[in-house]
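Good morning, everyone, and thank you for making time for this.

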Amino acid sequence: MNKHLYWLLPICWMGVIFYSSHQPYENQDVRPLLSNLFNVDFLEPYLNWISFSYHNSVVSVEQLGVAGFLEFFIRKGAHVTVFLVLCSFFYIALRKSGLLVRNKAMILSLILTVIYAISDEVHQGFTPNRTPYAGDVLLDSFGALLAVVGIAFFNRIKQKRRY
């Protein structure tokens with residue numbers, strides 16, 4: 001396989017992120033799915049004590065309902081997961097194309113992912129009913145950092161098995 005084809009992984013994944021960020025909030029609303037497929041109301045007594053502020057809004061069961069409250073965590077978890085995958089894809093592309101050694105590939109993967117996270121939030125500023133928010137960049141960056149920690153962990157295990 002051509003070693004440069006590995007760059008299709010992060011490029012295609014960035015396309016997926018771009019497409020997702022280009023959709024208005026209403027097109028990504030999972031509350032109807034949560035409410036229609038599952039009766040999540042039984043969780044209310046377990047979650048109604050949680051309340052905090054995020055991006056000038058109160059996040060609580062009282063404010064959002066159970067489905068909306070759960071959707072908040074699904075959406076924020078998606079931020080972490082999507083950028084964890086992107087960072088991993090950058091690492092694979094850098095390593096498989098022979099451009100960098102492990103540690104430099106991990107650092108550059110993290111940097112490229114954070115840069116893309118920033119550009120993604122800027123892009124959301126031009127999308128109807130979406131707003132850019134630095135807190136989401138932090139979540140995205142956390143996902144990238146988790147990827148780097150995971151890669152370092154697996155590299156260490158792989159290295160120990162050799163000896």
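This is a predicted model: local features need pLDDT of at least 70, side-chain atom pairs count only at pLDDT 80 or more; totals for chains, interfaces and linings use all residues.

Residues are numbered from 1 along each chain as its sequence is written, and side-chain values use heavy atoms, with hydrogens and water left out.

Back to Ile50, which counts as partly exposed because its relative accessibility is 21%; buried means under 20% relative accessible area, exposed over 50%, and partly exposed in between, with a 1.4 Å probe and protein chains only. Leaving aside neighbours within four places in sequence, Ile50 is in contact with Val59, Ser60, Val61 and Phe69, contact meaning heavy atoms within 4.5 Å.

Now to the helices. Two packed helices are described by the angle between their axes and the distance between the axes. Axes here are lines fitted to C-alpha atoms, for helices over the stretch in contact, and angles run from 0 to 180 degrees between N-to-C directions.

Helix α1 (residues 8–22) packs on helix α4 (residues 61–96) at an angle of about 160°, with the axes 8 Å apart. That makes α1 roughly antiparallel to α4, since angles under 35 degrees count as roughly parallel, over 145 as roughly antiparallel, 65 to 115 as roughly perpendicular and the rest as oblique. By class, this contact of α1 with α4 has 13 nonpolar, no polar and no charged residues; Ala, Val, Leu, Ile, Met, Phe, Trp, Tyr, Cys and Pro count as nonpolar, Asp, Glu, Lys and Arg as charged, and the others, Gly among them, as polar.

How do α4 and α5 pack? Their angle is about 135°, with their axes 8 Å apart, and that makes α4 oblique to α5. The contact of α4 with α5 has 13 nonpolar, 3 polar and 4 charged residues.

Helix α5 (residues 102–124) has 23 residues that should span 33 Å at 1.5 Å a residue, and its end C-alpha atoms are 33 Å apart, which agrees; the expected span is 1.5 Å times one less than the number of residues. Among the buried residues of α5 are Asp120, His123 and Gln124, and what covers the buried residues of α5 includes α1, α4 and α6 (134–162).

Finally, Ser21 lies in helix α1 and counts as buried, because its relative accessibility is 4%. The C-alpha atoms of Ser21 and Gln124 are separated by 5.9 Å, although these residues are 103 residues apart along the chain. Beyond its neighbours within four places in sequence, Ser21 is in contact with residues including Asp120, His123 and Gln124.

Conventions. Helices (H or I, at least four residues) and strands (E, at least two) are DSSP runs, numbered from the N terminus.
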